[in-house]
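I set out to record what I looked up in this structure. The entries follow in the order in which I made them.

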Amino acid sequence: MEDIKVTDNETVEQLRQDYENMQAEIADTDGIMDKIKAMIKNNKLATISLIVILIFCFCAIFAPVVAPHDPTLQDYDNVRAHPSRDHILGTDELGRDVFSRIIYGARISLVIGIVPTTISMVIGTILGLMAGFMGKKVDFVIMRLADIMLAFPSLLLAMVVMYTLGASLINIFIALSVVNWAGTARVVRSQTLALKEKEFVEAAESIGVKKSVIMLRHILPNCLPSLIVLFTMDIPGSILSESSLSFLGIGAQPPASSWGLMVVNGKQWLFSEPWVAIAPGVAILILVLAFNFLGDGLRDAIDPYMKE
Amino acid sequence: MNTFKFIVKRILIAIPVLIGVMLIIFLMLNVVPGDPVTLMMKEHIKPELIERMRVEMGLNDPVMVRFFNYIKNAARGDFGMSYKLNRNVTDLILNAFPHTVKLTIFAALIAWIIGIPAGIISAVKQNSLVDRFLMSFSLIGVSMPVFWAALMLQYFLAFKWKLLPVSGYATLKHMIMPAIVLGWSSAGTIARLTRSSLLEIMKDDFVRTARAKGLKERAVVVGHALKNAMLPVVTMMAIQVASLLSGAVITESVFGIPGIGRLAVNAIQTRDMPLLQGTVVFTTVLIISGNLIADLLYSVIDPRIRVE
Amino acid sequence: MEKNRMKAFFIMVVITIMALTGCSKTDNVITPASGDNILRLVTADEQTTCDVQKTTEYYTMPLNIFERLVETQTNLDGTSELVPGLAENWDISDDGLIYTFYLRKGVKFQNGEEFKADDVVYTFERMLKPETNALNQDFIMAVKGAADMMEGTTDKLEGLEVIDDYTIKMTLEDPFAPFLANLATPGVSIYNRKFTEEAGDQFGLMPEKTCGTGPFMLSKWELNSETQIDAFDGYWKGRPKLDAVNFKTVKDADTQRMMFENGELDEFDCDEAPSQIAYFAESDKYKDWIKVGNRVGTTYYSINQGIEPFNDVRIRKAFQMSFDKQQLLNTLYDGRGTVANGIIPPGLIGYNPDLPEIKYDPEKAKKLMSEAGYPNGFEMDICMVTDSPDTLRINEMVQSMLSKVNIKANIVQKDEASWYGVRAEGNLGSYTSTWSADFNDPDNFFYTFFAPQNTVKRSFNYDNPEASNKVAEARKMNDQDERIKLYQELEKQIIQEDAAWVPLYSRQHIYVVNPRVQNYVVMWNGWTGNMYYNMYIDNTKAPQ
């Protein structure tokens with residue numbers, strides 16, 4: 001690529017005009033909302049999933065209003081009660097209302113799904129952009145780091161992080177984000193590499209637009225469709241990882257009662273009072289399925305060429 | 001010969017990755033309070049002994065010194081003695097490894113023997129009831145916590161209907177449930193990948209040409225589309241074996257299979273550094289090899305693709 | 001051409017799979033069938049070694065593979081007494097310093113060697129030598145010269161004198177009343193010099209390297225999978241009636257329970273799932289299968305006097321009154337246990353059934369707290385180890401009880417290593433735990449918790465030096481009645497007056513046992529693992 005020597009103002013003006021035209025053509029971000037609306041019209045499954053997710057979010061946010069009982073209220077006379085009008089899903093081994101615990105549990109599970117995924121996407125995107133755009137050396141280092149992350153069995157790495165930092169909700173966020181950024185980084189990097197060759201990027205560079213601005217203003221928006229899909233599809237992973245960590249004893253800790261933890265604690269009752277363990281298990285299943293269907297629908301609508 | 005150079009290059013790159021992994025674990029496990037000696041004594045803690053044993057185990061040396069010693073020995077194949085189990089780490093791993101391999105292979109077989117045909121059928125009968133059903137079933141496999149799936153299978157197949165033994169690994173019968181649990185989510189992923197890959201290929205021109213030539217539908221699919229669609233699928237298969245190996249952690253715990261996963265979890269819980277390092281190194285080598293094989297397969301199957 | 005390539009590839013894969021499957025070791029497991037004369041058990045937490053000197057928690061193997069000079073016999077009614085073991089009888093000098101043991105003749109080790117006094121010398125010296133890094137040394141520390149051996153300044157234990165092959169004299173540093181009881185603990189199992197020296201640091205790690213005089217021999221040990229001990233034909237009391245005892249290692253409690261209910265196991269230990277006691281006790285099928293053992297132990301809540309406001313005795317007393325112990329027992333353990341008001345549990349010498357009760361009285365607690373300057377309560381930490389669902393339930397109930405007296409308790413979870421680490425520094429917040437007897441003497445309880453440096457290591461920081469010193473002194477007293485009286489006084493001092501910890505209850509240990517197993521007796525202290533010599537199987541009594 002030759003450097004275009006800029007000698008007079010008219011040429012600069014012309015270049016700038018071309019460059020902005022090309023931007024408008026290629027950056028299709030305004031089209032995303034339309035595509036999503038189309039998806040909602042056509043893809044019933046994805047739409048239902050979206051509604052389900054919104055319902056869960058609503059329950060999570062307005063838990064004190066939605067839940068019929070205080071989830072921590074222990075009632076020793078009413079232990080492991082069968083489902084009844086007062087307790088829709090019965091009570092657990094300390095007499096607490098299972099249904100209310102599930103509603104409050106939505107908070108934890110949603111937060112565990114969303115926060116680490118967001119963090120790891122941010123980290124992954126930044127590193128991926130840098131790897132794609134800032135030259136071979138940076139690329140090499142970042143990709144080796146990503147290799148290390150991906151070479152590590154993720155559940156074990158999360159466990160080691162939890163043991164190092166101690167068991168708490170914040171540390172789960174850290175553990176799960178640390179483990180997951182590499183996948184995003186790879187995708188963003190390959191998209192960056194592809195976009196780098198496009199003319200409008202070369203044009204921008206030649207005018208002297210700063211590298212960071214190019215990455216943020218031009219490349220990033222083009223990655224957005226993939227990122228949205230990745231985001232929706234990574235959330236289930238976080239939720240499931242946390243329940244695996246709970247099974248191994250190092251996941252969310254009380255009083256923060258995630259659904260995964262409820263299942264782990266409740267499974268000894270499977271033989272006599274199965275609802276204590278089955279209800280939260282089904283909740284996980286529904287929420288995760290919803291995110292998966294939504295992710296599928298989004299991918300078909302927005303970014304049909306994304307490879308897994 | 002290109003292939004040979006490629007392999008060598010990848011191995012050389014893998015070494016710093018391995019060392020990086022080992023360093024990370026080493027540092028993390030050293031930062032925390034609580035050392036293996038105190039843990040060994042637990043309730044019967046004897047202050048006089050603790051210091052002496054720490055010195056003997058070299059736990060009081062500076063971290064980097066210990067790390068270098070460790071790497072030096074590891075390069076010769078000596079991964080030290082497990083703190084808690086008092087045995088040679090290499091022996092422990094070699095004894096545990098075949099069980100994990102057995103489990104992984106069965107799981108992989110189930111994943112591929114069910115997943116690939118499911119994906120093909122779905123693609124061929126796109127949007128039909130069969131398609132919807134198979135894809136939903138795949139998605140459920142990916143959406144359940146592993147220990148939950150294990151528990152459900154155990155409860156129904158082993159306990160309620162007495163079709164299979166509850167746990168253990170002695171005979172083929174014992175391995176069926178663990179293999180299903182481990183393989184289900186991989187089956188789901190493979191099925192979906194096969195389907196989407198095949199669908200994409202089938203839209204391609206040359207397939208239309210083949211149809212235009214008048215070949216029977218089945219011949220079209222099997223003869224032309226499938227071969228090319230299998231590319232990403234085969235790659236995914238090789239990668240999956242590696243992650244199956246590490247994902248076996250929970251399956252081994254529930255079904256009492258004495259494999260690498262169990263060793264690793266115990267090692268983390270008891271701060272058994274040598275054992276943990278050994279298992280992680282081992283699993284990392286496997287994952288890196290898996291990726292390497294995947295890349296090689298890519299080029300073998302389609303000689304048009306040159307590796308890197 | 002490409003099609004063939006694919007075919008070749010798949011064939012290669014299939015062959016690899018078959019090869020690998022064939023290579024893996026499937027020869028191992030012989031699953032004992034239900035009609036055999038083999039006792040089928042399960043454990044969640046497998047032993048790390050059979051060498052009892054290197055462990056403080058895995059006693060089942062040592063109890064059955066090795067023997068001790070003196071043994072604790074558990075009677076069918078749950079009481080216990082010290083009976084001769086490898087020592088037929090013994091003399092104790094009047095000043096309590098010299099013990100002369102007359103050893104049993106003709107006892108064979110499992111390798112054919114005969115048991116002699118020299119083996120006792122070897123065992124003791126091995127335990128005390130610094131190179132061994134033994135963990136159980138405190139059981140024989142009373143012997144004269146033990147401290148020197150532990151330092152490494154000598155390689156011969158001064159207090160041991162071999163009179164002849166079957167007589168050995170032990171001299172103590174100071175009189176130590178619980179000495180005999182200590183010798184009966186699994187930790188002082190007797191090893192054979194020749195065999196153990198040869199085995200080196202592999203001793204106890206595999207069948208070929210494990211040898212004792214006990215009724216069973218280690219015949220199989222597959223790590224994380226299965227352990228089996230077979231009957232020893234040459235056992236001096238006569239071969240056990242059981243052919244073998246088989247232990248599968250299964251970590252998951254629900255898997256264990258399913259295996260048991262499927263008839264694959266002969267025993268289910270309700271400690272694995274205390275919440276299921278009611279299920280078994282109330283089921284028609286299982287209610288006659290229940291075997292109860294007294295756990296000679298006290299579950300307690302610790303109080304760290306180094307953390308404010310627990311340095312104030314009024315706060316501690318208020319804390320004691322905030323626990324509804326009977327409710328805890330009822331909700332969590334189906335009521336099976338006794339509420340505790342002291343340190344010494346029922347079943348231990350010196351148990352005082354007439355201790356004044358520490359009543360559950362939240363109103364009085366609040367009053368005391370106001371007096372101490374905390375009318376609105378305070379905040380505190382309850383620390384526990386992760387992945388302990390049963391402990392968690394206790395803590396959750398306690399948290400709720402404490403909130404009724406305005407104490408806001410935060411449940412802090414640490415992984416095991418951190419927990420023990422912080423506790424050893426004396427900085428751990430309140431925690432609940434159970435201490436069960438190693439040997440039948442109050443010293444095992446008092447010394448462990450309230451002796452000067454131990455109280456720091458367990459994060460009690462008990463600050464009554466006079467009482468602490470008395471605890472140390474009581475070991476040396478000779479007159480058993482005097483000692484018991486002293487301990488009972490100390491008990492009142494520590495619990496009632498100083499309110500140094502909160503005794504909760506003593507739980508029973510419940511097992512569900514297949515009726516084909518006869519003579520099933522739970523170990524006297526309810527925890528170290530059972531001895532299988534007297535048990536046998538009568539398949540005519542097996543359930544249909």
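I counted two residues as in contact if their C-beta atoms, placed from the backbone, lie within 7 Å. I worked on a predicted model, in which local features need pLDDT of at least 70 and side-chain atom pairs count only at pLDDT 80 or more, while totals for chains, interfaces and linings use all residues. Residues are numbered from 1 along each chain as its sequence is written, and chains are lettered from A and ligands numbered from 1 in the order in which they are written.

Domains of chain C. I took the bounds from an automatic or database domain assignment, which gives domain 1 (51-199) and domain 2 (297-507) of chain C. I noted 33 Å between their C-alpha centres. Across this boundary, 13 residues of domain 1 of chain C contact 12 residues of domain 2 of chain C.

Sheet of chain C. I read strands as DSSP runs (E, at least two residues) and helices likewise (H or I, at least four), numbered from the N terminus; two strands pair if DSSP finds at least two bridges between them. I found an open, antiparallel sheet of four strands in chain C, ordered β4-β5-β7-β6. Strands β4 (87-92) and β6 (160-164) of chain C are at the edges with a single partner strand each, so one side of each has no neighbour in the sheet. I also looked at the antiparallel pair β4(C) and β5(C) (residues 98-103), which five bridges join. In this pair, Trp90(C) lies opposite Phe101(C) of β5(C).

Chain contact. I listed 19 residues from chain A and 21 residues from chain C in the contact.
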